[in-house]
Amino acid sequence: MPGRLITTALVAAVMGLMPAPAAAEQYITLVGTTSTDNSGLYGKILPLFTARTGIHVRVVSVGTGRAINIARNGDADVLLVHHRASEEKFVAEGYGVKRYDVMYNDFIIVGPENDPAGIGGLKSVVDELAKIAKTKNFFVSRGDDSGTHKKELSIWKIAGIDAAKASGGWYREAGAGMGATLNTASAMPAYTLADRGTWLKFENRGGLRLLAENDPLLLNPYGVILINPARHPHIKAKMGQAFIDWITGPEGQAAIKAYRIKGSQAFFPNAKQAVSR
Amino acid sequence: MTNFSDAFAAALGLVLSLDASLTEIVGLSLQVSLSAVAIAALIGLPVGAAIALFRFRGRFFIVVTVNALMGMPPVVVGLIVYLLLSRAGPFGVFGLLFTPTAMIVAQVLLVTPIIAALTRQVIEDLWIEYEEQMRSLGAGPGRAVPALLWDGRFTLITAILAGFGRASAEVGAVMIVGGNIDHVTRVMTTSIALEVSKGDLALALGLGMILLTLSASINAGAYLIQHSTKRWHA
């Protein structure tokens with residue numbers, strides 16, 4: 001009978017519209033970078049916070065540019081990203097309450113095993129990128145307005161190279177997250193700038209290897225910011241601040257320090273010890 | 001390619017161990033896509049039939065628009081729903097962004113044009129066949145809508161399955177409006193995208209195999225129901 005069909009459809013529809021059981025729990029929404037998520041850090045440290053406070057953390061992972069956009073719209077409670085200038089601007093414009101240091105790691109340059117551009121022996125990342133450009137070897141850029149992308153662009157700028165002019169030639173803009181960009185680099189093969197955490201965890205390295213690291217320019221600091229409840233009254237300010245206090249406090253910092261990927265420390269805690277209230 | 005055998009092993013391992021997160025993800029995928037298709041069918045079937053049977057000004061324009069909307073990129077639908085449901089958008093007060101409900105809304109928008117467009121075609125063909133007979137019995141287009149929907153039900157199931165295929169396979173819309181949050185809005189397609197981004201291609205492909213198997217069983221089930229009931233009615 002058509003009646004029964006319609007009833008079944010209605011029941012299914014209503015079931016779908018009912019909130020998932022998880023909605024009953026206390027939670028905050030954290031919007032953060034793909035690099036921290038792909039590295040597996042959240043999976044390790046967030047359960048500790050939930051065990052301590054009963055607050056669940058829902059993580060939405062996108063590039064820093066989009067993360068800031070989502071936060072600006074008030075669609076998350078806490079922002080955790082890695083582009084200091086954007087973070088400070090975000091706070092200065094009144095979208096965020098205050099920026100706290102959380103941790104840092106670093107960027108590295110990976111590339112084809114045989115290093116056709118010969119960047120292996122060079123001392124500075126500026127020279128390395130300049131050499132890749134000069135020899136016109138493939139370089140895959142994130143091209144997605146993420147923190148990593150912004151970092152890469154800033155190095156090209158110091159090197160005085162207009163890489164965008166070569167876009168489509170030796171310079172390829174993937175417009176994708178860190179993992180997807182590494183997949184592209186591994187398949188071409190090509191050079192790319194990656195954050196160490198994602199690289200350590202990355203399974204599909206193919207013919208890629210780590211070619212350059214340890215340049216002060218490649219430092220990658222992360223900041224955490226509570227979205228301003230004065231601008232978006234629905235922000236869960238108390239729980240969001242509890243999260244910030246925890247991750248910048250002794251327990252969160254120790255958890256970050258203890259996190260290992262295949263035996264290597266991936267993030268280095270650097271919060272100021274005094275916990276804000 | 002070792003990836004394919006690894007993928008098969010990964011898929012088999014997940015299924016055989018009844019992996020808890022896998023069952024959660026599969027359950028949510030089905031909940032979201034089946035709900036979206038049910039709602040889309042409730043809208044698309046009568047709308048499609050009405051477009052087929054009634055003659056009105058602008059009908060050509062509507063037919064072309066509905067047909068064109070079948071090709072709407074999921075990521076565009078996702079973006080539109082994101083802007084509508086965002087706290088900064090017109091429906092922001094409901095706080096629906098990054099929930100399964102938001103994913104259902106996006107998929108309803110994706111699937112409704114498919115069901116409506118295919119329904120219009122099916123009903124139009126039936127109307128050509130039956131118009132004279134129905135009119136002689138005093139039934140105009142209004143009365144013909146439910147009658148022809150019922151008459152064409154076996155063909156229309158295929159239209160609904162096409163909609164389900166679209167809903168269960170898309171990743172662009174649910175990624176944007178759901179956010180791929182673990183235990184909350186993570187479905188099959190967004191987990192596949194996540195595993196690809198982690199470089200775990202074998203696991204990603206394994207999940208793809210499971211998704212394909214699920215889709216195949218739903219289609220097989222629909223086919224069997226179609227045929228067994230057809231026999232009853234013969």
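**Helical architecture and selected residues of chain B**

In this predicted model, the secondary structure of chain B consists of ten helices and zero strands, where helices (H or I, at least four residues) and strands (E, at least two) are DSSP runs numbered from the N terminus. Residues are numbered from 1 along each chain as its sequence is written, and chains are lettered from A in the order in which they are written. Because the model is predicted, local features need pLDDT of at least 70, and side-chain atom pairs count only at pLDDT 80 or more, whereas totals for chains use all residues.

The C-alpha atoms of chain B occupy a box of roughly 65 × 50 × 30 Å along the principal axes. Of the 234 residues in chain B, 47% are buried, a term that means under 20% relative accessible area, with exposed meaning over 50% and partly exposed lying in between (1.4 Å probe, protein chains only). Among contacts (heavy atoms within 4.5 Å) between residues of chain B at least 6 apart in sequence, 73% join residues at least 24 apart.

Two residues illustrate these categories. Glu195(B), which belongs to helix H9 (residues 188–197) of chain B, is buried, since its relative accessible area is 12%. Beyond its neighbours within four places in sequence, Glu195(B) is in contact with Asp200(B), Leu203(B), Ala204(B) and Leu207(B). Val75(B), by comparison, lies in helix H4 (residues 74–85) of chain B and is partly exposed, because its relative accessible area is 44%.

Terms used: Side-chain values use heavy atoms; hydrogens and water are left out.
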